[in-house]
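User: Could you take a close look at one part of this model for me? I'd like a single connected walk-through.

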Amino acid sequence: KPGEQKHSKEPSSLQCMHLAVVACGDRLEETLTMLKSAVLFSNRRLCFHIFAEDSLKPEFEEKLQEWPSSSTKKFEYNIYPITFSVGNAQEWKKLFKPCAAQRLFLPVILKEVDSLLYVDTDVLFLRPIDDIWHMLKEFNSTQLAAMAPEHEIPKIGWYSRFARHPYYGTTGVNSGVMLMNLTRIRNTQFKNSMIPSGLTWEEMLYPLYQKYKNYITWGDQDLLNIIFYFNPECLYVFPCQWNYRPDHCMYGSNCKGAEEEGVSILHGNRGVYHDDKQPTFKALYEVIRDFPFEDNLFQSLYYPLQSKFLDTVHTLCGRIPQVFLKQIEKTMKKVYENRVIVYLGANHRY
């Protein structure tokens, strides 16, 4: 198999939650911060599938090995080269952002994996992955993937205003957080606009790209929208708090689920972790990136976050700090309670 496995003392792929990410160019730090957020809060063991350019592989290995053993024992990882099984590799590589199209090939490459959560590098988990992983059990008999809507309001959504190709539903879907039953994807014949009969996932990808390449703006996300336009029964749609982006607050708050429950997964697209356009998103990113693994979560993560948010109240996103803080506070309380119970239990035995 391509890639090199670490931290795997036993064949735990069936017991663990599989998380995939594709990292090219300058996305090393962002990817490590995403993985860190997953490790900090999750309960079950994690299996990371990191697809990266060759030059990034030694850097990932070096950085992950610097993490303390209390964290590294919670996951194992594989690093894979960027590969495309059908069509022109250079075309795929240049589609939208570098290497982003790799996610389309995960069902083909990860043949031994049954289910998988794919996320973009600019995603942060504010609660355990366990909670989104449970949604796999909510799929009905035809559903094989889950994504959140691209927008909540059609009149200001991108697809509903500008798309020149078919897209799912009224506003399209965003592929930055995508939960997949890979076994079902591999076994399904998909309806399509090219031939009257069904095509497998792998058979469909390149002809679909060839047909629509002059009409798509967002690369692989547009291809996924086209696939699920023709196969709507295959998609489970999860609420906006599971893929919360600047669009959900920069024009006024329009994600009701986040207002009620808080943000579950933060998606800092548009490069907002690295500029000053959305300081609320940047504050969350920097606090998780800089958090020392074995420090107290409230002292070294939550309180610095609260104080940073005070500097963002002049922005529309900064006016609703409770949306960003509600879920992460709940998650940290659970993590803290679990540690105290484990500690007391260990002491009680002696």
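**A loop residue and the sheet**

Analyst: Let's start with contacts, meaning heavy atoms within 4.5 Å. Setting aside residues up to four places away in sequence, Leu199 touches Thr188, Gln189, Phe190, Asn192, Met194 and Met204. This is a predicted model, where local features need pLDDT of at least 70 and side-chain atom pairs count only at pLDDT 80 or more, while totals for chains, interfaces and linings use all residues. Residues are numbered from 1 along each chain as its sequence is written, and side-chain values use heavy atoms, with hydrogens and water left out.

Leu199 sits in the loop between α8 (182-187) and α9 (201-212); helices (H or I, at least four residues) and strands (E, at least two) are DSSP runs numbered from the N terminus. Leu199 counts as buried because its relative accessibility is 12%, with buried meaning under 20% relative accessible area, exposed over 50% and partly exposed in between (1.4 Å probe, protein chains only). Gln189 is ten residues apart from Leu199 along the chain, yet their C-alpha atoms are separated by 4.9 Å.

Now the sheet. Seven strands make an open sheet with mixed pairing, in the order β3-β2-β1-β4-β7-β6-β8; strands pair if DSSP finds at least two bridges between them. At the edges are β3 (75-80) and β8 (235-237), each pairing on one side only. β2 (residues 46-52) runs parallel to β3 over six bridges, and Phe51 stands opposite Tyr80 in β3. Helix α10 (residues 220-230) packs on the sheet, touching β6 (145-149), β7 (173-181) and β8, and its direction makes about 65° with that of β7. Axes here are lines fitted to C-alpha atoms, for helices over the stretch in contact, and angles run from 0 to 180 degrees between N-to-C directions.
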